[in-house]
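Here are a few notes to read alongside the model, colleague to colleague. Please keep the viewer open as you go through the points.

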Amino acid sequence: MSAIEELTAAFARLPGIGRKTAQRLTYFLLKQPKEEAARLARALEAIGERVRACSRCGNLTEADPCDICADQRRDQATICVVEEASDVLAIERAGEFRGVYHVLGGRLSPLDGVGPDQLAIRALLARCGNGGHVTEVILATNASVEGEATAHYLERALSGSGARISRLARGLPAGSELEYADGETIAQAIAARRPLAS
Ligand SMILES: [Zn+2]
């Protein structure tokens, strides 16, 4: 494979980028000064080498624990459970939430072979377990079918933990991804979160 083909193929594997856009990006870079491509290469290398998952919450970070877990001004007793690290970013952008997070790394999806063991559920239960000081768990999985199923599963799994369990309010459009919601909508959904019965 030529260098041009290789880069085009790599771009085309990114989400939302088709073959045509991949080609356009490749030829755009070829027209730029060499330094521009080198800077991109360095940035890609850096995220591979420096960014990892926070050992406590699973958020992507360069420091472990991440800035959010390490921040003692944040309410460590309130955990917001999200599917992906990009959801943390979306909720932080809303600027309303002062607790900490737990990143599942996906959602339950039996058809795709994703069961509880494929997600960071055991780690969540450990954080919320006996002797822990967690008082509230906010289930902020997406409003999709799988996101709802994941929330139901967690609700049952956490029922003995002693923590109050709530779900984001329905301000978020059904089927929508948290990542793409605007900050105002997310802030409202957190403020109006509803307690679950268990
Ligand atoms: Zn963390």
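1. A word on terms before the strands: two strands pair if DSSP finds at least two bridges between them. Helices (H or I, at least four residues) and strands (E, at least two) are DSSP runs, numbered from the N terminus. The model is predicted, with local features needing pLDDT of at least 70 and side-chain atom pairs counting only at pLDDT 80 or more, while totals for chains, interfaces and linings use all residues. Residues are numbered from 1 along each chain as its sequence is written, and side-chain values use heavy atoms, with hydrogens and water left out.

2. Have a look at β3 and β4, which run parallel and are joined by five bridges. Cys80 has Tyr101 of β4 as its bridge partner. Five of the five residues of β4 are buried (under 20% relative accessible area; exposed is over 50%, partly exposed in between; 1.4 Å probe, protein chains only).

3. Together with α5, these strands form a right-handed β-α-β unit; right-handed here says that, with the strands pointing away from the viewer, the path from the first strand over the helix to the second runs clockwise. In α5 (residues 85-94), the buried residues are Ala85, Asp87, Val88, Ala90, Ile91 and Ala94. They pack against β2 (60-61), α4 (67-70), β3 (75-82), β4 (99-103) and α8 (183-191), where contact is heavy atoms within 4.5 Å. Just after the helix comes Gly95, with a positive phi of about 70 degrees.

4. A polar atom of its side chain lies 3.0 Å from the backbone oxygen of Cys69. Beyond four places in sequence, the contacts of Gln76 are Arg56, Ile68, Cys69, Asp71, Val100 and His133.

5. Asn59 sits in the loop between β1 (52-53) and β2. Its relative accessible area is 11%, so Asn59 counts as buried. Setting aside residues up to four places away in sequence, Asn59 touches Arg52, Ala53, Cys54, Cys66, Ile68, Ala85, Val88 and Val103.

Notes. A polar contact is a pair of N or O atoms within 3.5 Å; within protein, one must be able to donate a hydrogen and the other to accept it, and residues adjacent in sequence count only if both atoms are side-chain atoms.
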